[in-house]
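Here's a quick tour of the charged pairs and the nonpolar core in this one. Have a look at the model first.

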Amino acid sequence: MKKIFLFIILLAQSFVYNACDYLEKPASDDITINMAFQNVITAKRVLNNLYWEVRQAAYNLHSRRVLYATGCDDAIAGYSIWGNKFHEGSWTPDDNRNAGDGAENDVPTVSFWNNTYKRIRRVNLFLENLSRADGDEVEKQLMFCEARFLRAFFYEELIRRFGGVIMLEQSIDPSDYSALTNQERSTFAECVEWVSNELDEAAKGLPEVRATSEVGRATTAACYAVKARLFLFAASPLFNTDSPVSSDYTEIQYYGNYNKERWKSAADACRMIMNMSQNYGLDQEIYDQTNPASFDNYFKRFSNIFFKVGRESVWINHPEYEWDGRMVPFYNRSAQGWNWVNPTLELAEQFEMTNGKMPSDPDSGFDLNKPGNNRDPRFKATIAYPGAQYARYNFYPWIGGTASHLESQKTGFCIQKYCDEEFNAAVSGLVVRRNVTHIFRFSEILLNFAEAQNEYGGATSEVYDAVNAIRARVGMPALPSGLDQNQMREKIRHERRVELAFEDHRFFDVRRWRIAEETQNGNLHGYDVTKGENSGFYSRVSVGNPIKFEKKHYLYPLSTQEILLNPVLRQNPGWPVLGK
């Protein structure tokens, strides 16, 4: 029997997928197809490893440890990691081919294409062989739908980075590339339609929600979440337009026309989840029983989302358990962390005052010297700002302060989202809460819906309700009435940036909105970390090198080797082309 090696069916780390520990090593490094699909139990191990792929750095920001925020205007990396190459505009079609797709120094460009197709091949192999497994046919049908869902998710992730891609519905021997020779990329429209149809079919055989022991496995809600994100991107100005970014764009890179109905498709996919209100919704837990309207209650209501599975969790993942469960790269130096993510003033000043006014408004009451005073509770829960005090640590980033560290501290801020304020590595015996990675959480669904519905029909009451629900959850005032479509568009984009900060959205949002040439060029700003608290620290200064964005950066490039192996494979516009 021909052996199918580890990198094909990925049985090196079989796991039981649940909210606790789901890694379990198998006995050998290779296995035959007959052994892998001997019965439903062995086949499920293969399926579990396909889920394990989602746990990896490409899709799990905790496993990756480098956030896409460090590749846009929301943050600067504390050290020389791959986000800097996006800032500099120096990423190329041949960065780190065959490397990991998201580790500290592996730019997730070329490697993302290669590694995603490896995952797709494994899913195809599973779908082709599941029928030979002995066992309950109902359970096998459920597993079949789960695998189709995962394949569709992998394709969705490819499409939003590259545009049209090669669609594979059958397994390909990784050692024999000839099967792909002369196979072209499908058009953008064909790819979106195929993934949408796959998600519809998968949803028919999946449950709406999973039991606690199976949390993280595919559901109908997860199917519609992927579909909603796919359609939102497809309806956005980068793809849904009569006037493309580049005259070299073809139907591989965009639709070739504008159609407002594409926004409706995105809104409708969101509604499917919003209608599942029995199982999904915003977390409204009350932490301060004596004063539910207190700042502390709203602060904890938001910050605790990222440590638990709840109604907010449409599809979740868990990071690998390392460093005793704490995300060392994210914590500030006062908590014995590495301060890898330095939020910018550009992001920090997007958080409103509690009166609903922007800090830039002269009547807002904002004080650059006291940035935490009277701010949206999400500010303290998302960004450790100068002078911030948490349960077990503080954040004093000026010279002489406990968080000062010129090598890693660039802006006078540190990421706080995902950091447990009750933990400090310098204090022994503290319980570490494990992070939950929300690949899709309900807030994104509401914001996706609000954007799509506003673009389709204007600032209707449905749009207001979706955005105001998110704001009310943290005690922020409702949006002003009477907004027109353009004004509402700006409010929604602002709310996305604040609510979803550091969740890998802004990097892609500025691309699909076609505003990256405006927002991703020029200097970024922070406080002057080379000064003391009362001797110049509270000054707005440029930090790091200016960021640079070109038209070609709207889409990822394909590697030179891919094009050499497949002569009909066309490079994305603006990137180097062989022989030219």
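## Arg473 and its neighbourhood

Arg473 pairs up with Glu312 in a salt bridge, with the closest N and O atoms 3.3 Å apart (the term means a side-chain nitrogen of Lys or Arg within 4 Å of a carboxyl oxygen of Asp or Glu). Arg473 sits in helix α15 (residues 461-473) and Glu312 in the loop between α11 (295-303) and β4 (313-317), so this pair ties together parts 161 residues apart in sequence. Helices here are DSSP runs of H or I, at least four residues, and strands are runs of E, at least two, numbered from the N terminus. Both Arg473 and Glu312 are buried, meaning under 20% relative accessible area with a 1.4 Å probe, protein chains only.

This is a predicted model: local features need pLDDT of at least 70, side-chain atom pairs count only at pLDDT 80 or more, and totals for chains, interfaces and linings use all residues. Residues are numbered from 1 along each chain as its sequence is written, and side-chain values use heavy atoms, leaving out hydrogens and water.

Glu352 is buried at 4% relative accessibility, and Arg471 at 2%. A network of salt bridges links several residues, among them Glu312, Glu352, Arg471 and Arg473. Searching the whole structure turns up 50 salt bridges.

## The nonpolar core

The largest nonpolar core has 166 residues (buried Ala, Val, Leu, Ile, Met, Phe, Trp, Tyr and Cys joined through side-chain atoms within 4.5 Å). Helix α9 (residues 220-235) supplies its largest share, 13 residues.

Methods
Buried means under 20% relative accessible area, exposed over 50%, partly exposed in between (1.4 Å probe, protein chains only).
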